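Please read this short report beside the sequence and the three-dimensional view.

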Amino acid sequence: MEDYIIAVGGADAGLTPPMPFVGQRLDGSKPAALARLMLEIALIRCGFDVSDRRASLSDPQELIYQSNRVGANGIIVISSGAFGSRKSFNDVCGGNVKYAVGRHGGQSRELAEDICAKLCNIKPCQTATCNHEWNGAACPAVVVEMGYLTNFDEAKLMHDPDYTRNVAEYATMGICEYFGMPYVPNSPTAYKHMRAQIGMRGKNVKLVQAALCANGYVVDIDGVYGKNTDIAVKEFAINNNRPDCDGINETLLHDMLFITPDYIPSTSKHNSVLYIQRKLISKLYNSPQNGIADQDTVTAVNEFLTETENTKAIDESGGISKTAMQLLSEIGGGRPRLF
């Protein structure tokens, strides 16, 4: 089977209009960056290789140069749309998959249509042409816009990590269909027997590095399990109660990719805490994004539980219960638009 290489990039998405309750504009680049990482994980799981040099990929020409240099078979950029002045919200909504015209215009359109058809399973989506900036690509190139930052409901939704994962998974389904690759569903069995340790190279290492980045650890996604990756893995293991880790095994990778704890003690640092913090922000509750169950995070959880009339789920000891996590895990919802 041919080892297809997909160059994955992100585009600067800008800020939303001012959001009620939190009193600030949400940064659209954060969910785009998370979707990009989740896309890379899904692509590698399905047998692709990925190219992500983490350069200034808001510049299309830089990404095109990188993709051409590595002989990429396709370019996928994750972003979001906007309409209007961004001073206030409007009703423009829906996803877009834009495709490059030019030398590979026909192939780009076909790839965009395959991705769009899958994304329509989670929200309305349409295809449109990109501008001339992408014409220099030596392979099909598309831009996946997750929604509109200037639509109140979509601005919240894009900050939901579960929605972001869905965008990545359905986009991967479309990419698999275009290249004739089997789609491998995201489940613990898909990562069974996966190992990685210092000195190793390859796609599995890139998957680990992307998972680390998605959990807030900063490493290069270069496929080399070097010193920085090893430090990040050990830090993740300590923070997630697995201090005796020596490299990546199936259990530790499962902890990176899936949310499973029944209870999160106060002040603990865990990947599930970062997940909860992202869910709180998507529902317009002020929360840090530091992965620590600090007082600000617990206060935001309690505010959410009180407003959803689930006060019995509030943990007086300062921890976060499984019931609270289940209530927060709903995609969408949260505080309403006030104007």
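## A covered helix

Because 12 of the 12 residues of helix α9 are buried, this helix is largely enclosed by the rest of the structure; buried here means under 20% relative accessible area, with exposed meaning over 50% and partly exposed lying in between (1.4 Å probe, protein chains only). Among the buried residues of α9 are Asn271, Tyr275, Gln277, Arg278 and Lys279. Helices (H or I, at least four residues) and strands (E, at least two) are DSSP runs, numbered from the N terminus.

Helix α9 covers residues 271-282 and reaches 17 Å from its first C-alpha to its last, close to the 16 Å expected at 1.5 Å a residue, where the expected span is 1.5 Å times one less than the number of residues. Just after α9, leucine 284 takes a positive phi of about 70 degrees.

## Basis of the model

This is a predicted model, in which local features need pLDDT of at least 70 and side-chain atom pairs count only at pLDDT 80 or more, while totals for chains, interfaces and linings use all residues. Residues are numbered from 1 along each chain as its sequence is written, and side-chain values use heavy atoms, with hydrogens and water left out.

## Parallel strands and their crossovers

Strand β1 (residues 5-10) is mostly covered, with six of its six residues buried: Ile5, Ala7 and Gly9 point one way from the strand, and Ile6, Val8 and Gly10 point the other way. Strands are said to pair if DSSP finds at least two bridges between them. Strand β1 runs parallel to β2 (residues 49-51), joined by three bridges, and isoleucine 6 has valine 50 as its bridge partner in β2. It is also parallel to β3 (residues 74-81), with five bridges between β1 and β3, and there valine 8 is partnered by isoleucine 76.

Together with helix α1 (residues 29-45), strands β1 and β2 make a right-handed β-α-β unit; right-handed means that, with the strands pointing away from the viewer, the path from the first strand over the helix to the second runs clockwise. Further along, β4 (residues 95-99) and β5 (residues 125-129) run parallel and are joined by five bridges, and the chain crosses between them through helix α3 (residues 105-119) in a right-handed β-α-β crossover.

## The chain as a whole

The chain holds 11 helices and eight strands, and 54% of its 339 residues count as buried. Along its principal axes, the C-alpha trace spans about 60 × 55 × 30 Å.
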